[in-house]
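My notes follow in the order I took them.

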Amino acid sequence: MHYFGFKNGQLYCENVKVATIAKTTGTPVYIYSKRTIVEHFRKIDEAFAGVDHLVCYALKANPALAIIKTLQKEGCGADIVSGGELYKALRAGIAPEKIVYAGVGKTRAEIETAIKSRIFMFNIESIPEAERISAVAKKLGKTVEVALRINPDVDPDTHHYITTGKKENKFGLNISKAKEYFLAAARLPNIKVCGIHTHIGSQITKVEPYVLTLKKIIALKAILEKSGLRITRLNIGGGLGIIYDNETPSTPANFASKVLPLLKPLGVKVILEPGRFIVGNAGIMAAEVQYIKKGEVKNYVILDAGMNDLIRPSLYDAYHDIVAVKKTSGKLKADIVGPICESGDFFGKNRVIDKVKEGDFVAVMSAGAYGFSMASNYNCRRKPAEVLVDGSKFKIVRKRETYQDLLNGESF
Ligand code: LLP
């Protein structure tokens, strides 16, 4: 469900015409629907109402302050993976006791800041990391609560770049030696091992891989408790898939109906880390057609947005629907591409879209997650503006970068 749709041939975000925003801000521009974000969060939160739980939004999907703030007001927490994400989460007002910190490469400085900020817990990905967190906590005279991230060796049936819970992936600790790892971590001073964390991948449309993972984790919990370790928190990660094309992802309600019967009897606090589910379909990227180029074998619609603005098609061959912001009569078959000097700079290939011409706007749909957050300045392009729509109002929540911004911190 989202609040982008056509009325009288014009694409709207909630009650605002996308063309109006594009004309006001210039292009490319990311446009987010506040109502979609809020409703997606609530769907997950309500689905898990039957257990003690905390929804921690995965900032990596889209760390726009305005989005974090919107979620913070809803009571949402944050899943972070860097000092920068911690900084932004705190700046947006997320309570430290709602912040969980994952990632395989936490530095000493990042750990120290997180401990001083009194975050809820660390999700530890290796024994050297546990030793480091223990040492930093000891130095600071603090004890921190932690979960160990377990790699359950489950195939989530998604793109191999975003599969994270198979034994060949760099993430987590192998389940076959989990007991050993937990006992080793529990012996370290100044950390309290109280949770198990898993995150098996992203854009997962089926519930079965989660159920399989959960069964493995619950068996592990029983083994650990026999050894005297009390596990009071289970973090089941993020990864819930969305519709880009013709996928049929599970709804949060269906997902909860399958996992809650397993979780409820445990009496643990359940943590979830959704990113894409909350923001993916809550955002689009609007761009202006620069040229229609007739090539030797195909046509090209050349936009003023490039792979630096939205890299998912180039990096994962990801599908994003592309539509003309104003419906036209007639159709055009073309590759929709950007201005960047790489053949991989495309948004869609062999697409049939409304017959657009120079100066028309198009929208790349479902671009709210891993869109702006993966944008770069490649080809010395300025990062695009971001707009948040709320009913009939819209606000620029991040200005387009200026040329001056491109010189930031540089000298010669
Ligand atoms: N928790 C952890 C520990 C994660 O590593 C991730 C995503 C999430 C939660 C959130 O997953 P989500 O609910 O958004 O699926 N750039 C890729 C996706 C990379 C996901 C990385 N980890 C893409 O554009 O598809």
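I began with the side chain of Arg312, where an N or O atom is 2.6 Å from an oxygen atom of the ligand. I noted first that the model is predicted, and that all values here are computed from it.

I then looked up Tyr370, whose side chain has an N or O atom 2.6 Å from an oxygen atom of the ligand. For Arg276 I found a backbone N or O atom at 2.8 Å from an oxygen atom of the ligand. Next I checked burial: the ligand taken alone exposes 590 Å², and the protein buries 92% of that.

I listed the surroundings. The ligand is surrounded by 18 residues, and the closest are Ser202, Glu273, Arg312, Tyr316 and Tyr370. I sorted the shell by residue class and got six nonpolar, six polar and six charged residues.

I turned to the domains. The assignment gives domain 1 as 4-32 + 280-407 and domain 2 as 34-276.

Last, I checked the domain pair. The centres of domain 1 and domain 2, taken over C-alpha atoms, are 32 Å apart. I recorded 22 residues of domain 1 in contact with 22 residues of domain 2.

Key:
Residues numbered from 1 in each chain as written. Predicted model: local features only at pLDDT ≥ 70, side-chain atom pairs only at ≥ 80, totals over all residues. Heavy atoms only, no water. Near = heavy atom within 4 Å. Polar contact = N/O pair within 3.5 Å; in protein donor to acceptor, adjacent residues only side chain to side chain. Areas by Shrake-Rupley, 256 points an atom, 1.4 Å probe, with all protein chains shown as cover. Nonpolar A, V, L, I, M, F, W, Y, C, P; charged D, E, K, R; others polar. Domains from an automatic or database assignment. Contact = heavy atoms within 4.5 Å.
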